[in-house]
Amino acid sequence: MAKFGAFTFVLHCHLPYCRLSGDRSLGEAWVHKAVAETYVPLLNSLFDLYHSGIPARLTLDLTPILCEQLADKEVKEHILAYLIDTQARAEADVSRFLAAGELQRARLAEWYLDWYATITESFVHRYRGDVVGAFRRLQDLGVIEIVTSTATHAYLPSLASDENVSAQLHVAARTHTRHFRRMPRGVWLPESAYRPGLEAHLSRETLGFRFILTDARPLMHGRVVGCTAGYSLSESGSLGQHYTVACDGTALCPGSTFQPYYIGTDGNSAHSGVAIIAGNERAVAQVSRLEESYIRDPVYRDFHRHDAESGLQYWRNADPADCLGCLDEWEPKQAQQRTSEHARHFTRLVTDLLEDYANRDGRYGLLCAGFSAELFGHRWFEGVDWLRETLQLLSESEKVELATAGDFLERHPPDRVLALSATSLGQGDAPTSKEDGPLQALWQAVNQAEQRMTAFARRFRDQASVERELLLAQLARENLLMQSSDWEQLITTRRATEYALQRFNTHLQRFNQLADALEHNRYDVHWLSDLYQDDKVFPDLDWRFWA
């Protein structure tokens with residue numbers, strides 16, 4: 001039977017820059033928990049599928065700032081300490097619950113003890129503490145395609161200058177290549193926020209990005225303006241202008257999430273050669289957004305309730321009154337059965353959506369389902385098991401092909417061109433305003449730092465001493481860290497307002513101290529070394545990206 005469409009999961013792996021900060025509940029603890037509950041279980045599942053001969057294919061975005069933290073020696077040591085400590089907490093819970101006669105909860109604590117022992121064994125022996133390297137091996141085996149994002153997950157529409165946009169992308173490409181030993185073909189847009197003209201940066205020969213990944217919102221703000229019509233060659237023989245012509249029945253139509261599109265440029269008489277691939281809202285909503293979404297099922301583990309002593313989670317989603325005859329405690333075996341049911345349901349949903357599109361439009365479509373990777377395992381504990389079972393079922397499908405975003409684009413290049421306008425931060429359809437209350441001062445500081453960074457880079461481009469090189473590199477590092485969209489998200493969602501403000505202000509203070517030292521020709525190599533030890537990321541950073 002001929003297949004009528006392709007499917008890819010896109011998992012966006014990202015956490016704020018939190019190296020050597022916070023406590024057991026926030027800061028670097030976010031990395032420890034994500035490794036324990038999401039990244040190592042995901043690696044185990046994907047390697048197990050591969051060694052079982054099951055041809056799973058999916059797309060992962062590992063952000064540069066996350067990779068830098070996962071590869072950090074001290075962070076790795078802290079991850080192992082967290083795993084050992086969590087096992088000790090589970091063991092203590094076993095004794096405590098047995099002494100209290102709570103046998104069901106004692107059995108759950110024993111289950112956790114075994115589960116964390118397995119995760120620890122995988123982290124230490126199977127992957128030798130190298131999570132990034134393990135994902136690279138899956139890439140080299142052809143199981144996953146790894147794409148990147150901006151260097152520090154910057155919200156591009158609010159950056160004041162093209163130089164800073166370009167620097168975010170160049171540092172991202174260089175960091176990705178260092179970790180994964182190949183250039184990325186694609187880039188996930190932080191907060192799915194498109195900045196007009198972004199494609200001009202992405203298509204530069206020094207970067208060579210082929211596509212961007214977003215949710216569906218940019219397509220809501222876009223319109224199809226024509227069809228592809230070949231290209232010209234530059235004097236060097238490389239591709240020059242990509243032309244666009246009118247095509248019947250498509251002008252001013254909205255885009256479809258079932259097709260990639262080239263992004264229009266030059267008044268839409270040409271296109272960039274960079275494609276946009278958007279996620280399918282219906283598929284995503286079924287997993288995490290609808291009232292009847294999978295993660296809300298009453299048999300799954302509750303994310304919010306923690307044991308007061310150990311911090312482990314022993315409860316299911318719903319109270320007993322919501323599920324007649326159900327126990328309040330979470331039951332892993334029952335939850336596992338439900339993941340199998342939901343995997344079969346999602347496989348049918350994907351098949352139906354692609355078949356309906358093929359019948360309606362007569363085209364071979366791509367259904368892209370994009371999620372925060374940490375949704376699976378961390379937020380939805382059973383989610384990694386669900387991913388594994390869904391990938392196995394789709395790999396056996398006679399109607400749907402498993403693909404990565406880049407491979408689909410190679411085999412099915414876009415034939416239509418989309419005009420895009422600026423899109424929003426993740427919580428609404430209007431771009432975030434720099435005048436929004438507490439964020440006004442934050443964005444003013446970010447934009448002022450951008451201007452100073454660009455001015456210094458141009459001023460010292462051809463006259464940097466060894467000491468000045470070190471200072472400019474650290475200045476650029478702090479500039480990038482200030483630009484992270486995570487600080488704004490943590491503030492506006494009130495998840496960790498004080499923590500985000502403290503982190504942002506620390507980077508701002510360091511940036512200003514470095515800038516003042518540069519202005520007054522004060523170079524203290526020991527001070528610069530200490531600052532780098534505090535913010536030990538992007539060791540090969542080139543501050544001339546800002547020039």
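Ser166 is buried, with a relative accessible area of 7%, where buried means under 20% relative accessible area, exposed over 50%, and partly exposed in between, using a 1.4 Å probe and protein chains only. Ser166 sits in helix α6; helices here are DSSP runs of H or I with at least four residues, strands are runs of E with at least two, and both are numbered from the N terminus. Leaving aside neighbours within four places in sequence, Ser166 is in contact with His201 and Arg204, contact meaning heavy atoms within 4.5 Å.

Before I continue, a word on the basis of these values. This is a predicted model, in which local features need pLDDT of at least 70 and side-chain atom pairs count only at pLDDT 80 or more, while totals for chains, interfaces and linings use all residues. Residues are numbered from 1 along each chain as its sequence is written, and side-chain values use heavy atoms, with hydrogens and water left out.

Let us stay with helix α6, which also holds Ala167. Ala167 counts as buried, because its relative accessibility is 0%. Which residues does Ala167 touch, not counting those up to four places away in sequence? They are Phe545 and Trp546. Ala167 and Trp546 are 379 residues apart in sequence, yet their C-alpha atoms are 5.9 Å apart in space.

Helix α6 (162–180) also belongs to the cover of another helix, α13. Helix α13 runs over residues 439–459, 21 residues in total. From its first C-alpha to its last, α13 reaches 30 Å, close to the 30 Å expected at 1.5 Å a residue; the expected span is 1.5 Å times one less than the number of residues. Among the buried residues of α13 are Leu439, Leu442, Trp443, Val446, Met453 and Phe456. Asn447, Glu450 and Thr454 are also on the buried list of α13. Besides α6, the cover of these buried residues includes α14 (466–482), α15 (485–492) and α16 (497–519).

I turn now to helix α4, residues 103–126. The 24 residues of α4 should span 34 Å at 1.5 Å a residue, and its end C-alpha atoms are 33 Å apart, which agrees. Its buried residues include Arg105, Leu108, Tyr112, Trp115, Tyr116, Ile119, Ser122 and Phe123. What covers the buried residues of α4 includes α1 (29–51), α3 (73–99), α5 and α10 (332–361). Thr118 is also placed in α4, but Thr118 counts as partly exposed, because its relative accessibility is 44%. The C-alpha atoms of Thr118 and Pro41 are separated by 9.6 Å, although the two residues are 77 apart along the chain.

What follows α4? Arg128 does, with a positive phi near 50°. Arg128 is found in the loop between α4 and α5 (131–140). Is Arg128 buried or exposed? Arg128 is exposed, with a relative accessible area of 71%. Not counting residues up to four places away in sequence, Arg128 touches Ser122 and Phe123, both of which are buried in α4. Arg128 and Lys76 are 52 residues apart in sequence and 10.0 Å apart in space, C-alpha to C-alpha.

Phe538 is another residue with a positive phi of about 50° although it is not a glycine. Phe538 lies in the segment after α17 (525–534). Whereas Arg128 is exposed, Phe538 counts as buried at 0% relative accessibility.

Finally, I come to the chain as a whole. How many helices and strands does the chain have? There are 17 helices and 12 strands. With 547 residues, a compact globule would have a radius of gyration near 24 Å, and the chain has 24 Å, which agrees; this radius is taken over C-alpha atoms, and the globule rule is 2.2 Å times the number of residues to the power 0.38. Along its principal axes, the C-alpha trace spans about 75 × 65 × 45 Å. Of the 547 residues, 58% count as buried. Among contacts between residues at least 6 apart in sequence, 78% join residues at least 24 apart.
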